[in-house]
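Dear colleague,

Here is the structure I said I would pass on. My notes on it follow below.

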Amino acid sequence: MLFPSWGLHHRRARHISITLGVASSTLLVALVVPNISVVFSLMGGTASAYVCYIIPAAAAWTMAGRSPGHPIGIAAAAGDAARVRRARAGCAALLLFGLVVGTLSTATTIAEWFQPKPPPRGACDGPGRFVSPPEAS
C-alpha cells in the first residue's frame with residue numbers, strides 16, 4: 001500500500017519505517033500536548049463525522065449503481081438511470097453534510113483553545129462566589 005515500488009525485497013524495511021513513523025509521531029503528540037482531552041476532542045470531532053456520515057455516503061454511492069435484486073455487483077439497467085441519479089444526489093448531500101459537521105466540530109475544538117479559562121473555584125464555593133481557604137494558624 002505505502003511504497004509499492006519497494007517490492008517484497010524491502011518488505012521488512014518498509015514495515016520498520018512505517019512502525020517507527022507511527023510510534024515517533026505518537027510520542028511527539030504525547031510530549032507536546034499537555035492535556036489528552038485536546039486529542040480526544042479533535043479525534044472525536046473528525047472521526048465521528050467520518051464514521052457517521054462520510055462512510056455511509058460512500059457505501060450508498062457504490063450501491064446506488066447496482067440493480068436492486070442483485071446485490072453482488074450487477075450494474076443497474078439503462079432505465080434505472082433516474083433512480084441512480086436520485087440516490088447519488090442523496091449520497092452527495094449526506095457526504096457534504098458530513099464534511100460540514102466534521103469541519104465545524106474541528107473548528108469549535110480549535111476555537112476553545114483560545115478562549116480564556118475562568119479561575120478554578122474551591123469545592124465548597126457557591127455559584128458565582130469564590131471562597132478562599134482558611135489560613136493555618
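**Helix packing and two residues**

Helices H2 and H3 are roughly antiparallel to each other, because the angle between them falls in the class over 145 degrees. H2 covers residues 36-64, and its angle to H3 is about 175°, with the two axes 8 Å apart. By class, their contact has 21 nonpolar, 8 polar and 2 charged residues. (Axes are lines fitted to C-alpha atoms over the stretch in contact, with angles from 0 to 180 degrees between N-to-C directions. Ala, Val, Leu, Ile, Met, Phe, Trp, Tyr, Cys and Pro count as nonpolar, Asp, Glu, Lys and Arg as charged, and the others, Gly among them, as polar.)

This is a predicted model, in which local features need pLDDT of at least 70 and side-chain atom pairs pLDDT 80 or more, while totals for chains, interfaces and linings use all residues. Residues are numbered from 1 along each chain as its sequence is written, and side-chain values use heavy atoms, without hydrogens and water.

The protein chain has 3 helices and 0 strands, in the order α-α-α. (Helices are DSSP runs of H or I of at least four residues, strands runs of E of at least two, numbered from the N terminus.) Of its 137 residues, 11% are buried (under 20% relative accessible area; exposed is over 50%, partly exposed in between, with a 1.4 Å probe and protein chains only).

Thr 106 lies in H3, which spans residues 81-113. Its side chain reaches the backbone oxygen of Gly 102 at 2.8 Å. Beyond its neighbours within four places in sequence, Thr 106 is in contact (heavy atoms within 4.5 Å) with Leu 42 and Thr 46.

Ala 87 is also in H3 and is partly exposed, at 30% relative accessible area.

Regards

Technical notes:
A polar contact is a pair of N or O atoms within 3.5 Å; within protein, one must be able to donate a hydrogen and the other to accept it, and residues adjacent in sequence count only if both atoms are side-chain atoms. Angles under 35 degrees count as roughly parallel, over 145 as roughly antiparallel, 65 to 115 as roughly perpendicular and the rest as oblique.
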